[in-house]
Structures are given as C-alpha cells and as structure tokens.
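Open the model in your viewer and keep the sequence panel in view. The stops below are given in the order in which to select them.

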Amino acid sequence: MVALEELWLVRHGESVGNVAATGAEAAGAEVIDLATRDADVPLSETGVEQARALAVPLSGGDTVPDIAWVSPYLRAQQTFALSMESGQAPLRVRTDERLRDRELGVLDLLTWRGVEARYPEEAARRARLGKYYHRPPGGESWADVALRLRSFLRDALDADARRGVIVAHDAVVMLLIALLTGMDEPRLMRFAAANTVLNASVTRLRHDGTHWELVDFSDVRHLEQLGAEVTVHPGSPDV
C-alpha cells in the first residue's frame, strides 16, 4: 500500500451565507438574514468564480490528487465540482459527513451581538470555557468537531494514495492542521487568532515519513493569477 505523503485542505468558495453573515456583523444586526439551512447554502457569484480558479492547483499539471474527500454541504460540493470542470479529476472521490461544518445549535444564524442579547448566559459560558470547549446547546464545540475529524483521519491516512485533497470549511481546516501537526489547545487558539482560512484557499501539509509539516497555509495565488476576488469571511468570534 502507498502511504499518503501530501494532504491539501481547501476551504469552499465564498457562499451566500458568508456574505449574509459578514453583512449582518457589519450592520450590528442580531440575526443573519438567511432562509436556507446550513447544509444547503450555495456559493455566491464570487464563490463560483473562486471555485473555478481552483482548477489551477487541483486539476492541472502533474499534481492532481489521487483521492478527494468532500464535505456533504452544498457549498463544498459545488466548489469541488466547479474546480474539476476544466481539468483532470482524482480517480476516487468520497463525500464524508464527518467533514461537515461545525454545528452551532441555538446560536445558528445569530451574530455575536445577537448571542449576547438573546443568550447572555451562553455568552458568559463561552467566555469562561473558551472557544475550544464551549458547546452551544444543540451544537458542537471545536473539541467535538476534532473528535469526528480524528475518526475521519484514521480512515483517510490509510488510503492507498500519495496525494489527497479535502474540500470543507474553515473550522475543519484549522482543526485538521492542529490534529496532524500536534497543536494543543493554546497553540491552536493562538494560530487561529492570528490566521484566517480564506475562501477557496489551499493549505498543504507534507509527511516526511515521521511527522506532518505545514508547507503552505491559506494559499490563494491561483485566485490572484486569474483575477478572482480574494475574500476573508472569518465568521463571528464564536465560529
């Protein structure tokens, strides 16, 4: 069996949910105006352009991944499909629900202002427990997401492939980096506070035979080369 040597982590292109959330935060609103459930949120027009630009690193030349794992959420599925339109697709593609975005429970569709106004006890509990361990009622903490990603990695790292790509979400990218490189909670929180996973960015990790090394983080050179807009959309402070 061939051991996985490279793993690429791709955040989906800009979604209409990203645009709505950023707009709500900027306007000081309590609620994000979005009727669609999280799993069905599509890409924005900018996100479609970004996803097509991903064809440069994902499906061109001699660096095409051998296998792809994709979140079941629509924005990730669209990102992967559009990135493969004009190039060579991996031989194997898997949809895996363990790569879905973090579930926010009762805090879903609330800005941070909305959380403080409508669930002040949760805002206080979040401040006491910290971002990594705070679990909103009906939702997940970052630690919960890490647990399902550990399960995913047990399967993925045994894949008979040299290079794999994962198309998912910003929190998933951050947590996979932490799990593979051995970051503990303090290191991860410092890294997440100082860095943002950009839309349609590519993060690359390489295995040297013993350890996973972070080679490129949130690379968007393919967007810049093709003139596609670079968007940040980090989400609310709790996300």
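**Stop 1**

Select Asp96, which is found in the loop between E3 and helix H5 (112-118). Helices (H or I, at least four residues) and strands (E, at least two) are DSSP runs, numbered from the N terminus. This is a predicted model, in which local features need pLDDT of at least 70 and side-chain atom pairs count only at pLDDT 80 or more, while totals for chains, interfaces and linings use all residues. Residues are numbered from 1 along each chain as its sequence is written, and side-chain values use heavy atoms, with hydrogens and water left out.

Asp96 has a relative accessible area of 10% and is buried. Buried means under 20% relative accessible area, exposed over 50%, and partly exposed in between, with a 1.4 Å probe and protein chains only. Now show what surrounds Asp96: not counting residues up to four places away in sequence, it touches Val70, Ser71, Pro72 and Phe152. Contact means heavy atoms within 4.5 Å.

**Stop 2: the sheet**

Select the strands next. In what order do the six strands of the open sheet lie? The order is E3-E2-E4-E1-E5-E6, and the pairing is mixed. Strand E3 (92-95) and strand E6 (212-219) are the edge strands, each pairing on one side only. From one strand to the next, the twist averages 15°. Two strands pair if DSSP finds at least two bridges between them.

E2 and E3 run parallel and are joined by four bridges. Val70 has Thr95 in E3 as its bridge partner; Val70 is also one of the residues that Asp96 touches.

Colour E2 by burial. In a regular strand the side chains alternate between the two faces of the sheet. Ile67 and Trp69 lie on one side of E2, Ala68 and Val70 on the other, and all are buried, so both faces are covered.

Move along to strand E1 (residues 6-11) and strand E5 (residues 202-207), which pair in the antiparallel sense over five bridges. Within this pair, Val10 stands opposite Val202 in E5.

**Stop 3: two positive phi values**

Go to Ala200, in the loop between helix H9 (185-194) and E5. Phi of Ala200 is near 60°, a positive value in a residue other than glycine. Ala200 is buried, with a relative accessible area of 0%.

Then select Ser218, whose place is in strand E6. Ser218 is not a glycine, yet it has a positive phi of about 50°. Is Ser218 buried or exposed? Its relative accessibility is 9%, so Ser218 counts as buried.

**Stop 4**

Select H4 together with the strands under it. H4 lies across strand E2 (67-70), E3 and strand E4 (163-168), and runs at about 155° to E2. Axes are lines fitted to C-alpha atoms, for helices over the stretch in contact, and angles run from 0 to 180 degrees between N-to-C directions.

Helix H2 (residues 45-53) and helix H4 (residues 74-83) pack at an angle of about 45°, with axes 7 Å apart. That makes H2 oblique to H4; angles under 35 degrees count as roughly parallel, over 145 as roughly antiparallel, 65 to 115 as roughly perpendicular and the rest as oblique. At the contact, Val48, Ala51 and Arg52 in H2 meet Thr79, Leu82 and Ser83 in H4. The residues of this contact divide into three nonpolar, two polar and one charged. Here Ala, Val, Leu, Ile, Met, Phe, Trp, Tyr, Cys and Pro count as nonpolar, Asp, Glu, Lys and Arg as charged, and the others, Gly among them, as polar.

**Stop 5: H7 and H8**

Helix H7 (residues 142-156) packs against helix H8 (residues 170-181) at an angle of about 65°, and their axes are 10 Å apart. H7 and H8 are therefore roughly perpendicular to each other. From H7, the contact uses residues including Trp142, Leu149 and Arg150; from H8, Met174 and Leu179 are among them. By class, the contact of H7 with H8 has 12 nonpolar, no polar and one charged residues.

**Stop 6: Val16**

Finish at Val16 in helix H1 (residues 16-27). Val16 is partly exposed, at a relative accessible area of 31%. Leaving aside neighbours within four places in sequence, Val16 is in contact with Leu34, Val41, Pro42, Leu43 and Ser44. Draw a distance from Val16 to Met174: they are 158 residues apart in sequence and 21 Å apart in space, C-alpha to C-alpha.
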